[in-house]
Amino acid sequence: MFSIVKHQELAPKVHRLSVQAPVIAEKAKPGQFVILITDDKGERVPFTISGWDREAGTVDFVFIEVGATTRKLATLGPGDQLAHFVGPLGLPAKIDHYGHVVTLLSGYGLAAMVPILRALKEQDNRITSILQAPDQERLFEMETLTELSDELVLAVGTRGEHMTESATMALRQLLGNHRRVPVDRVIAMCSICLMRVASEMTRPLAIKTLVHLTPVMVDGTGMCGACRLSVKGANRFACVHGPEFDGHEVEGWDVLMARRCTYADESILQQGFQCRGCSQW
Amino acid sequence: MSEIKDPKALEQPAKAKKPKINLNRLEMPKQEPADRRRNFNEVATGYTYEMAMEEAHRCLQCKKRNCQDGCPVNIDIPDFIHALQQGDIKEASRVLKTKTSLPGVCGRVCPQEVQCEKHCTLNKKGAPIAIGRLERFIADWERSQGGFTLPEMAPSSGKKVAVVGSGPSGLTVASDLAIRGHQVVQFEALHVAGGVLVYGIPEFRLPKAIVRREVEYVKTLGVDLRLDTVIGINYSLDELLNGEFHAVYLATGAGLPKFLNIPGENLNMVYSANEFLTRTNLMKAYLYPEYATPVKIGKRVAVIGGGNVAMDSARCSVRLGAQEVCVIYRRTRAEMPARLEEVENAEEEGVKFYFLCNPTALLSDGRTNVSAMELVRMRLTEPDESGRRRPVPIPGSETIMDFDTVVVSLGTSPNPLISSTTPDLEVTRRGTVVADEHGKTSKARVWAGGDLVSGGATVISAMGEGRRAAAAMHEFLSNGRKKIIPPSPATE
């Protein structure tokens with residue numbers, strides 16, 4: 001059993017849990033994930049690690065209440081236990097000195113990107129972060145993100161509102177300025193449609209664009225193949241070859257997007273995804 | 001090989017009686033096909049006491065133990081059957097346990113027809129003793145008695161061993177070494193121990209209560225089982241060797257699913273057999289929503305492949321409510337690697353077989369769900385390296401069949417998590433770990449066995465490799481320099 005030591009509500013329906021897991025905290029690297037099971041009858045669900053404390057032996061992750069398991073997690077607090085907690089899974093994000101790095105963040109990515117930003121900062125990168133959220137209320141981790149980013153662009157708009165406030169607009173501006181202020185790398189941890197759009201936008205400029213994919217997984221150790229995708233003509237598993245991939249090499253985005261919804265149960269579909277998808281073009 | 005107890009000690013003086021040969025091999029009672037199509041309960045319900053006695057009494061107690069030689073773990077088959085003939089089930093159980101820690105599993109999933117029963121003298125008359133069914137009867141009897149029949153344990157050797165993986169091979173090594181006095185820590189990546197016995201083989205063929213019980217038995221021997229621990233991630237192999245462990249046994253199985261590499265393979269509702277069975281068996285999707293993991297299945301299911309895993313996938317599909325389930329295999333019935341018994345069971349349950357067909361593409365319904373399969377007819381040519389006749393496509397014979405669910409069951413290869421983080425561990429091009437007949441790998445103090453070495457075989461052969469490796473490891477641990485090891489810190 002793994003004890004929960006802290007529960008924070010970051011925004012409506014957005015929570016951060018800290019879990020006592022010294023073995024995982026010891027080895028965690030930016031961009032990796034954990035798989036947890038809430039109780040004996042629970043499902044295996046992956047979450048990107050958003051922070052860890054090696055001394056205290058804790059691992060943090062941020063989640064949004066969507067399905068049965070995340071709703072259940074939202075009710076847990078200090079003193080409660082998770083039946084299973086395994087990780088750190090997946091390959092760590094690639095970190096180096098690139099120069100000017102633009103990151104695209106939305107949803108859980110606002111928090112899960114923090115370890116990557118921190119590592120990039122240590123390598124002396126200049127970071128421009130574009131944050132997308134449906135409204136001000138649903139922005140979180142602002143303090144940390146402000147501290148770690150040299151420039152912060154907020155893309156906060158609701159459906160039907162002015163589109164200049166979308167993340168793609170902000171990215172377009174940056175890319176339009178590419179000749180004067182070069183963008184050396186784009187890293188996206190946001191909705192899959194935004195990652196797809198961003199990859200297409202940077203392709204003509206040949207700016208390396210890394211996307212953090214989160215297809216449906218079952219075991220998370222390369223056994224089931226549920227999270228497979230086509231990368232440069234080869235079958236790759238997000239759990240062992242990813243979750244970070246070169247957005248220009250990912251093929252079959254349509255299938256990847258559709259696969260995510262295979263197991264979205266009725267209760268999730270009724271809430272209505274906030275996907276503004278490819279209208280963002 | 002196993003010196004725990006000398007099985008010869010209980011050998012009876014051979015009487016010069018002339019047994020009357022009884023060729024009436026007793027069938028095991030089974031659930032009717034119409035019933036079992038709708039539930040996940042075990043298909044075969046096992047011998048009753050009377051049936052077991054009747055079957056045991058058919059045994060001729062041959063002097064030459066051909067059946068025992070046919071067993072990959074060399075179980076003293078005539079001895080346990082003799083004990084049964086005497087009505088001493090407890091003794092029969094003890095005899096079994098000297099050579100196998102998993103009799104309830106072996107009795108159910110071993111291919112006895114090509115092992116012990118194939119070598120039975122009565123097989124010449126076409127009616128071998130139902131050794132597997134008797135083994136199962138004894139294991140089930142022991143389970144109904146509550147406690148375990150524990151073997152004699154050697155005193156502590158002070159040596160510590162890591163066993164990586166808790167499938168049949170890992171469980172065998174863990175119990176063999178624990179019995180010989182070594183301290184064993186067993187690591188399992190998943191949240192349940194048992195490996196393929198829990199994620200792969202379905203409940204109706206091997207009830208999970210039996211696996212749980214056999215894992216409990218291994219724990220009773222003092223094995224420290226650590227779930228949710230991935231070697232290659234949480235600890236590298238070198239960390240284990242440089243840390244507290246004197247030797248390591250790798251038995252991580254073959255978990256990486258193979259795909260067809262044809263267009264449309266990543267469409268929705270195309271599963272690997274591993275995903276489909278993991279959802280259904282390990283995560284108990286057939287009990288959704290009581291268990292949180294769902295499995296989606298359509299009306300017309302195609303299972304591609306001809307092995308036991310394909311049969312399991314097809315039979316799970318039937319039970320999950322598919323209207324039509326078809327097995328697509330590129331060779332003919334004669335070349336199918338699946339056990340005949342399982343093929344017959346599947347047929348009784350309404351599974352259809354399409355032989356000499358190979359999928360060439362999966363087609364989309366326009367919303368990225370699979371809707372049909374393009375197949376090409378095959379014909380058999382001369383035998384290939386596996387000894388089976390090689391199938392080649394017949395040009396121009398393509399046809400299209402409608403399916404809304406496809407399960408790809410083409411076999412698996414080993415998970416590279418450990419080999420990719422251990423450069424000095426020699427692996428083949430197929431990703432299997434290179435090991436000699438004792439399971440010794442290219443790396444010092446590391447042994448390996450099971451599907452990780454073979455690339456994919458049976459439960460019992462994995463156990464056999466484990467048995468041999470455990471003997472070699474025991475020898476190494478006994479001859480090695482003595483070191484004083486502080487007791488390991490207690491784990492939660």
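Predicted model: local features only at pLDDT ≥ 70, side-chain atom pairs only at ≥ 80, totals over all residues.
Residues are numbered from 1 along each chain as its sequence is written, chains are lettered from A and ligands numbered from 1 in the order in which they are written, and side-chain values use heavy atoms, with hydrogens and water left out.

Me: What area is buried between chain A and chain B?
Reply: Contact means heavy atoms within 4.5 Å, and by that rule 39 residues of chain A touch 41 residues of chain B. Buried area is the accessible area (1.4 Å probe) that two parts lose on being put together, summed over both. Carbon and sulfur atoms give 55% of the total, which is about 3300 Å².

Me: Which residue of chain B meets A:Lys41 in a salt bridge?
Reply: A salt bridge is a side-chain nitrogen of Lys or Arg within 4 Å of a carboxyl oxygen of Asp or Glu, and the rule finds 2 of them across the interface of chain A and chain B. In one of these, at 2.5 Å from N to O, the side chain of A:Lys41 meets that of B:Glu290.

Me: Which element gives the most residues to the side of chain A that touches chain B?
Reply: Helices (H or I, at least four residues) and strands (E, at least two) are DSSP runs, numbered from the N terminus. Among the elements of chain A that give two or more residues to this side are helix H1 (22-27), strand E7 (84-89) and helix H9 (253-262). The most, 6 residues, come from E7(A).

Me: Is B:Lys284 buried or exposed?
Reply: B:Lys284 lies in the loop between helix H13 (273-282) and strand E7 (300-304) of chain B, and has a positive phi of about 55° although it is not a glycine. Buried means under 20% relative accessible area, exposed over 50%, and partly exposed in between (1.4 Å probe, protein chains only). Because its relative accessibility is 14%, B:Lys284 counts as buried.
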